[in-house]
Amino acid sequence: STELRVIEYEPRHAVAFRDLNLSWIEEYFEAEEEDHHLLLHPEEAIILPGGAILVAEDPTGVLGVCALLCLSPERYEISKMALRANARGHGIGQHLLSKTIVHARDLGAKQLFLISNTALEAAMGLYRKVGFVEVPLPADNKYARGNIAMEMSLS
């Protein structure tokens, strides 16, 4: 839609950030401790340590969200990406992810990382389409549901 915009998170987005993510997580899996930490305290857990949350919205409200967790000054994790059910399949996820990648570059990221699950076929296709490649799962993987790790070089 011409009225779609991607903006940085504001406190008014907290409920949508939490609810959109819990919706997809609980559809496929169970919410875990790390989910609750990030979703209930997005400012403290994501933004203050140097990360960001981008929000796709139109006049109907929030359509999608995507977080960037700062792992180091040059390495960020794509996390908590979620779309409203009726917003899926319209290119909004790709648009949001593309804007998030640009934002990561602007923050100084040289590499992006993510952990996902291969059962999330649409997400897997999207990540591969924008340039993520599979890498070994880290030993300190915080998610029981995480069965694939991916990286993307931005340099």
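What follows is a conversation about the terms used for this predicted model.

Colleague: Why are helix 4 and helix 5 called oblique to each other?

Modeller: Helix 4, residues 92–106, and helix 5, residues 121–130, pack at an angle of about 45°, with their axes 11 Å apart. Angles under 35 degrees count as roughly parallel, over 145 as roughly antiparallel, and 65 to 115 as roughly perpendicular, with the rest called oblique; helix 4 and helix 5 are therefore oblique to each other.

Colleague: Which residues meet where helix 4 and helix 5 come into contact?

Modeller: On the side of helix 4 they are G93, Q94, L97 and I101, and these meet L126, Y127, K129 and V130 of helix 5. Sorted by class, the contact has five nonpolar residues, two polar ones and one charged one.

Colleague: What makes Y9 and F17 an aromatic pair, and what kind of pair is it?

Modeller: A search of the whole structure finds four aromatic pairs. For Y9 and F17 the ring centres are 6.3 Å apart and the planes stand at 75°; since rings pair if their centres lie within 6.5 Å, and planes over 60 degrees apart count as edge-to-face, the two residues form an edge-to-face pair.

Colleague: How do you know whether Y9 and F17 are buried or exposed?

Modeller: Buried means under 20% relative accessible area, and Y9 has 10%, so Y9 is buried. F17, at 0% relative accessibility, counts as buried too.

Colleague: What makes the pair of Y127 and F132 edge-to-face?

Modeller: Its planes are 65° apart, with 5.8 Å from centre to centre, and the cut-off for edge-to-face is over 60 degrees. Elsewhere, W24, Y28 and F29 form one aromatic cluster.

Colleague: Why is P11 called exposed, and where does P11 lie?

Modeller: P11 lies in the loop between strand 1 (5–8) and helix 1 (14–28). Exposed means over 50% relative accessible area, and P11, at 64%, therefore counts as exposed. P11 and P42 are 31 residues apart in sequence, while their C-alpha atoms are 9.0 Å apart in space.

Colleague: What makes A16 partly exposed?

Modeller: A16, which is in helix 1, has a relative accessible area of 21%; buried needs under 20% and exposed over 50%, with partly exposed in between, so A16 is partly exposed.

Key: Residues are numbered from 1 along each chain as its sequence is written. This is a predicted model: local features need pLDDT of at least 70, side-chain atom pairs count only at pLDDT 80 or more; totals for chains, interfaces and linings use all residues. Side-chain values use heavy atoms; hydrogens and water are left out. Axes are lines fitted to C-alpha atoms, for helices over the stretch in contact, and angles run from 0 to 180 degrees between N-to-C directions. Helices (H or I, at least four residues) and strands (E, at least two) are DSSP runs, numbered from the N terminus. Contact means heavy atoms within 4.5 Å. Ala, Val, Leu, Ile, Met, Phe, Trp, Tyr, Cys and Pro count as nonpolar, Asp, Glu, Lys and Arg as charged, and the others, Gly among them, as polar. Rings of Phe, Tyr and Trp (its six-membered ring) pair if their centres lie within 6.5 Å; planes under 30 degrees apart count as stacked, over 60 as edge-to-face and the rest as tilted. Buried means under 20% relative accessible area, exposed over 50%, partly exposed in between (1.4 Å probe, protein chains only).
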